[in-house]
Amino acid sequence: MAVKISPYGTAPDGTKCSLYTLVNAQGVKAVLTDFGAILVALEVPDRKGAAADITLGYDTLEGWVKDSSYFGATVGRCGNRIAKAKFTLDGKEYVLAANDGENHLHGGVKGFNKVVWKAKPVTTPGARGVEFSYLSKDGEEGYPGNLACTVTYMLTDAGELSISYGATTDKATPINLTHHSYFNLAGQGAGDVLGHELMLAADRYTPVDAGLIPTGELAPVKGTPMDFTTATAIGARIDQVPGGYDHNYVLTSGGGKLSLAARVYEPTSGRVMEISTTEPGIQFYSGNFLNGSVVGKGGKRYQKHYGFCLETQHFPDAPNKPAFPSVILRPGERYTHVTVHKFSTR
Ligand code: BGC
């Protein structure tokens, strides 16, 4: 089935935005918008074949414009935190927008989730999708270099939603693109996600300070409430983790080739989501800052832990942590990142 395009209102800069609807052979439906290259909705059948939208979000464009939770977002130029909103590259200090206390978070005040992307529908045998492209100008949110980025979402007949990123630059710059959907495999607004069973293919994580900046240590998860090497309910030990889960895990794969990073199972619906990625890290965020103040799709009020994020990425604050895998992209090089979400039931 081809990509269906429908109008979705006007962005604050006056650009007309659209919705792009993808449907696969099993009735999985993904809805995207060119505003922020956002995943607006994702309908997936449960074990009885009944579909539900499993991502948190909004009914209208205005919701995404005002959003401060990064629901469904394409996050960039650098996802996650950069300490004190600055870094030094090739001997020069760059000052970024500080939008999380003194730190820089998810690309700054107007990150990639708040700009309008160009969209191009793509169809291949057994898959359909949209390629979004955006030119981030030299100096945007403090970052150096004109960065030409693409984010391509493809929905396959094998039940996979893949997200492929590419970028080139004309000056050395950090880049760390990620996807920020909040999932609830029982359906958006259906309650908290504490009963979801999570497996993470990671035996270490990056501990953080009070501002959620990594200390630089790679700590073993074994024997701690951080251990998800075997499937465990998200809520089983969450009260032992101050503030809840909001940590980067060091994937055992080391990154570089597409490898299984996470598996999540929701017992009442039977839905399973498997995430594979080429990235070396994954941020597990248990929706700790949701507090019922956001009213989302269908009037659902999102309370604490009503969704979880699994953000495939390089490690937070990498521009200031030389021992972490590098996030620096130089002219002549190409940034690539592939993450695949595979849906099934049991
Ligand atoms: C971060 C949280 C943050 C949330 C954004 C997550 O990626 O790890 O600390 O609050 O995004 O709203």
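**Salt bridges, strands and rings**

The side chains of R330 and D90 meet in a salt bridge, with N and O 2.9 Å apart. A salt bridge here is a side-chain nitrogen of Lys or Arg within 4 Å of a carboxyl oxygen of Asp or Glu. R330 lies in the loop between β28 (328-329) and β29 (335-345). D90 lies in the loop between β8 (86-89) and β9 (92-95), so the pair ties together parts that are 240 residues apart in sequence.

This is a predicted model: local features need pLDDT of at least 70, side-chain atom pairs count only at pLDDT 80 or more, and totals for chains, interfaces and linings use all residues. Residues are numbered from 1 along each chain as its sequence is written, and side-chain values use heavy atoms, with hydrogens and water left out. Strands are DSSP runs of E with at least two residues, helices are runs of H or I with at least four, and both are numbered from the N terminus.

How covered are the two partners? Buried means under 20% relative accessible area, exposed means over 50%, and partly exposed lies in between (1.4 Å probe, protein chains only). R330 is partly exposed, because its relative accessible area is 33%. D90 is at 57%, so D90 counts as exposed.

The structure holds nine salt bridges. Another one joins R263 and E274, at 2.8 Å from N to O. R263 sits in strand β22 (residues 259-265) and E274 in strand β23 (residues 271-277), so this pair links parts eleven residues apart in sequence. R263 is partly exposed at 29%, and E274 is partly exposed at 22%. D317 and K321 also form a salt bridge, with their closest N and O atoms 2.7 Å apart. Here D317 is buried, at 2%. K321 counts as buried too, at 15%. Why can such pairs form? Side chains of opposite charge can pair when their charged atoms come close.

Now turn to strand β4 (residues 38-45). Seven of its eight residues are buried. Two strands pair if DSSP finds at least two bridges between them. β4 pairs with strand β3 (residues 29-33) in the antiparallel sense, over five bridges.

Next come the rings. Rings of Phe, Tyr and Trp (its six-membered ring) pair if their centres lie within 6.5 Å; planes under 30 degrees apart are stacked, over 60 edge-to-face, and the rest tilted. The count by this rule is 18 aromatic pairs. In one, the centres of F132 and Y153 are 6.0 Å apart and the planes stand at 90 degrees, so the pair is edge-to-face. F132 lies in strand β12 (residues 127-136) and Y153 in strand β13 (residues 147-156), so the pair ties together parts 21 residues apart in sequence. F132 is buried at 0%, and Y153 is buried at 0%. Elsewhere, ring pairs link Y58, W64, F71, Y182, Y285, F289 and Y302 into a cluster.

Charges meet rings as well. A charge sits over a ring if NZ of Lys or CZ of Arg is within 6 Å of the ring centre and within 35 degrees of the ring normal. The charged end of R237 sits over the ring of F228, 4.8 Å from its centre. R346 has its charged end over the ring of Y265, 3.9 Å from the centre.
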